[in-house]
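Me: I would like to learn how to read an interface, a sheet and some backbone details from a model. Can you take me through them one at a time?

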Amino acid sequence: VTVSDLAALVVALPIFGSLVAFLAALVRSKSGWPVAVAATAAQLVVATTLAATAFRDGKISYVVGGFEAPYGIELVVDGLTGTMLVLIAAVSLGVLAFARRAGPRSNPFYAVYMLLVAGLTGMSVTADLFNMYVFLEITGLAAYALVASGERGRSAVAALKYLLVGTVGASLFLLGIGYAYIGTGTLNMADLAVKLAANGYDATLMQTAFALIVVGLFIKVAVFPLHTWQPDAYAGAPDTVSGLISALVSTVAAYALLRVVFTVFGTAFLDANALAHGLLVGGAIVSIVAGSLLAVSQSEVKRMLAYSSVSQFGLVVAAISIGNVTALTGAAVHLVGHAVMKGGLFLTAGLVATETGARTVEEFEGLVERSPVGAAVFGVLAVAMVGVPPTIGFAGKWYIALGAAEAGAWTLLAVIVGSTLLTLAYFARLVERMFFREPPADLEPAIERVGAVTDGGDEAAGDAAGASLGMYAAVVAAAVLAVALGFVVFQYGDAMQPTIESLLS
Amino acid sequence: MTDITSLRPLAAVLVSAFAVVPILASTGRPNVREGWTVLAAVCKLGLVASMVPAALRGDAFVTDLGPFVPYVEFTLRADALGLLFALVASLLWLVTSFYSIGYMRGLDEHGQTRYFAAFAGSVSSAVGVAFASNLIVLYLFYELLTVATYPLVAHDETDEARAAGRKYLAYTFGGGVAVLAGTLLVVHLTGTAAFSAGGIAGLASADPTLARLAFALLVTGFGVKAALMPLHSWLPDAMVAPTPVSGLLHAVAVVKSGVFGVSRVLLDVFGIDLVAELGVGGVLAAIAAFTLLTASVIALRQDNLKRRLAFSTVSQLSYIVLGLAVGGAAAAQPGDAAKWALIGGLLHIPAHAFMKLTLFFCAGAVHVETHTDDISDMAGIGRRMPLTMGAFAVAAAGMAGIPLIAGFVSKYFLLVGTVSGGYVVFTAALLVSGILNIAYFWPVVYTAFFETPERSDEKPLVEAPLGGYFGTATRADGGQPNGGRGASSHADGNSDSGHDHDGGWTRYAPDGSESTWFMLGPILFAAAGSVVLGVVPDAAVFLRIVREIVSAATVMGVVL
């Protein structure tokens, strides 16, 4: 077994895990969780090995079934892919720690959970455009099913909406691939890039393909105004699921956007087509501003967090539209950072709901007395999200803003830097309520925690009603990572440089 | 100029940050908790002070933590300018820690653990601001300072406090955004954000329009915390915080971090020569002059003592900015005008810190002992609190620039600087502001010592309708008319407030029985500090540090 075989294993492993989790129900019910943990832990090992190799030795390539590259399906792991693989595995494992108590606990749930991991991993490693579509659909279907796994009618409605809108997105993506195939006769990304250049960047067929693919992925990323599925899905899903999909699904879709724009179409295409470039810039600016404004006006915490994602992915799209080394490094940093912070925030919202039943902005009043750990973690993650240094939230923003300055994109620079204030606008509302208001008077005494320390002492936390140690561990880990990752960004950026440079060449 | 690699700057920053953990852990044991605060404060002061001798020789201690983000190293560097700010902040933190104990316990405040923890975090950030070696590290600590002080502003958990907290966050994070944008421009223009004495070399050859834009963004951003008008309005509102917070943070650490940022931008990013060349020094000086005059006029009409002090702070901070800006504007001229103005401006950082801290401490002590907040209720209070109001009188005289007190020395340098540079307009502004200072402080001292609730005089300058004879009968600040003063305003006074209900104050001897020594000690220390700075400025270390900074920053290089 060589390292390049691991590129295939990393996709096969979660699919296998999914099957085992499903079949294990025949032997014993509620046995899905340990299977999922084992599979994701193994997945993390494989992903880390792959990423380490890719960073050390450069690109890893694997051809499925022994067919030669432009015809067969190629899997490629470079620094960017490695980053996504580790992120997917690590976040899935972290969310599992939360899911143990928070549920859902049925075996089919964990089977679908692993299927989602497989879809996301496949989207990341594939170097074939049609194969990417297949994994996009697997991801989508698994995500619809997970959202629907909630017990309330609301989950079902949200999942249906997600299904309808998501399918439109995937179909547009497929249509775009079709146009590209008609124009070039190939589906391999690297091969497409070559033939595309030979065809000329002003070919209508290619411009159409670009527009369809980008708009299709915009839907999956939830760029305003194509975001409408997303707040319902995030808010309607069970807490475990919102944590997982908010951290990973849009993230991998944004990765796909980055990959397709630069590996398939390339910077020269963007330079030659002002409209294509404008599509990205416009999507970014509108998303950043509108997402924040919508977030401010939400009364439900999870919906607010969902709109916050609309705004944050605007930053990533902005980085893609800038398209230089610094900005794209920023995109990678922000994808990771956002996943950690937003996943952590959704899980914390779930933890708070478990402990106190609070789900709306109003109910968060005086939260620090009822759920000290929840309030403290939420506070740290909110500060990181606003982009206060030295957190990861700042690092991503700094790279992207610096890239904008290098490229002379002054409008974007102003929006990116100003987005700090927009983010502050919606988080300050919550932080103020959590720490500086008395809890609502009509609270049932059962969930009042007598004698709780006001500063987040960990020793008092373990015995809280309903919340398990794993739930605490998951959210505290997110908060610690949000700060700690800020200190290793420079080394990461250095390691990413060859990957990004080859992406841009 | 040698750099000494050492962990001392890092340790000085972190010591109070680490103290946050034991402070939070000893929630139920207030004496242990405050022990940690005092221990951290002593260590911090010791660490900072130990670096001063090297700075006076022109050397600097440096902690290099390696690269942080592209173009930027995470480096802390304790140079003379940084030490000036760090020394003021850490010395006064120690003093304020004792005062906080007396104040918070005297009022039996809620959330004391959060208060002391946030306080320790704030001072850490302030010293981080001082030792930052480049714009990004400065920005980092500048933002952390905002985060750490927010719980202190919103401490009361009333609607008013929360509104003040929101305003505080909006203003200061808005300023942070401007700083970040300005920093990005500087990095874009020069490829570095690191401070260097005399300015970053690459900026001089950069596009002047972009350089001016960067200057405007940076100064606007730091100007928010420096309370330059029209960005000042968060500061009077933040007075809703407990008085030690108003004293140390909103007269020393937070606002001075803004002023400090401005001085870094002028001295170490652009350099005063480039500031003169770009012609931005005069603009900044004009804004500062406008602020110091307008704020003084507004201060006249504030009846709430802390609000009056807040507007006084707005005004006095602009003295510092004015000195720096005139230093920048006059750099191109022959002669020493720039040097004088810079010395005056920078020396006003410690001078104002000592005096204003005294004033706030006095206001807080009066609040704790008698629950009196409005000046119109303070007639005769000098009998009740002789030492406190005596210290208040000394510090107020210093604010107005009366000789033998700290304010005189720095203002003298400022006046010499503006006159010799030919900026007579600014000289006039400084003098008029000095008169206004007397006009708004003297009534406080007068009412405390020479009036009783029954026998008080008209105070035409601070109470008469604006517009004189033709003005309306309502007061500009919407306060209650004079008739409302007296017993009715004392309705909240509790039994031991020392206020006998016939209208007079119980007389206390000036022997410390008027309050607790936890408060009186710090008050007298700060007042004594302002006198020492005024009588023997050269013996106090601050003027020597300032001279070291200025000689490094000016091309003339002659040590005065």
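The dialogue below goes through the interface, then the sheet, then the backbone.

Reply: Keep in mind throughout that this is a predicted model.

Me: How many residues of chain A and of chain B are in contact?

Reply: On the chain A side there are 31 residues in contact, and they meet 36 residues of chain B. About 3000 Å² is buried between the two chains, and carbon and sulfur atoms account for 76% of it. In chain A, the residues that lose the most area to chain B are W398(A), F436(A) and F490(A), which together make up 24% of what that side buries.

Me: How many salt bridges does the rule find across the interface of chain A and chain B?

Reply: A salt bridge is counted when a side-chain nitrogen of Lys or Arg comes within 4 Å of a carboxyl oxygen of Asp or Glu. Across this interface the rule finds one. It pairs R166(B) with E432(A), with 2.6 Å between the closest N and O atoms. As for polar contacts, five residue pairs are counted between chain A and chain B, both residues being at pLDDT 80 or more.

Me: Which elements give two or more residues to the side of chain A that touches chain B?

Reply: They are α15 (372-386), α16 (392-407) and α17 (410-436) of chain A. With twelve residues, α17(A) gives the most. Sorted by class, this side of chain A has 22 nonpolar, four polar and five charged residues.

Me: Now the sheet. What is the order of its strands in chain B?

Reply: As a general idea, strands of a sheet pair through backbone hydrogen bonds, and the pairing is either parallel or antiparallel. In chain B, three strands form an open sheet in the order β1-β2-β3, with mixed pairing. At the edges are β1 (3-5) and β3 (72-78) of chain B, each of which pairs on one side only. On average, neighbouring strands of this sheet are turned by 45 degrees against each other, ignoring direction.

Me: Do β1(B) and β2(B) run parallel or antiparallel, and how many bridges join them?

Reply: They run parallel, and three bridges join β1(B) to β2 (residues 60-69) of chain B. In one of the pairings, D3(B) has A60(B) in β2(B) as its bridge partner.

Me: Which strands of chain B does helix α1 lie across?

Reply: Helix α1 (residues 8-25) of chain B lies across β2 and β3 of chain B, at about 75 degrees to β2(B).

Me: Last, the backbone. Which peptide bond that ends at P225(A) is cis?

Reply: Most peptide bonds are trans, and most residues other than glycine have a negative phi. The bond from F224(A) to P225(A) is cis, with omega near 5 degrees. P225(A) sits in the loop between α8 (204-221) and α9 (229-236) of chain A. A222(A) is also found in the loop between α8 and α9 of chain A, and the phi of A222(A) is positive, near 75 degrees. Another cis peptide bond joins P389(A) and P390(A), with omega about 5 degrees. P390(A) belongs to the loop between α15 and α16 of chain A.

Terms used. Residues are numbered from 1 along each chain as its sequence is written. Chains are lettered from A and ligands numbered from 1 in the order in which they are written. This is a predicted model: local features need pLDDT of at least 70, side-chain atom pairs count only at pLDDT 80 or more; totals for chains, interfaces and linings use all residues. Side-chain values use heavy atoms; hydrogens and water are left out. Contact means heavy atoms within 4.5 Å. Buried area is the accessible area (1.4 Å probe) that two parts lose on being put together, summed over both. A polar contact is a pair of N or O atoms within 3.5 Å; within protein, one must be able to donate a hydrogen and the other to accept it, and residues adjacent in sequence count only if both atoms are side-chain atoms. Helices (H or I, at least four residues) and strands (E, at least two) are DSSP runs, numbered from the N terminus. Ala, Val, Leu, Ile, Met, Phe, Trp, Tyr, Cys and Pro count as nonpolar, Asp, Glu, Lys and Arg as charged, and the others, Gly among them, as polar. Two strands pair if DSSP finds at least two bridges between them. Axes are lines fitted to C-alpha atoms, for helices over the stretch in contact, and angles run from 0 to 180 degrees between N-to-C directions.
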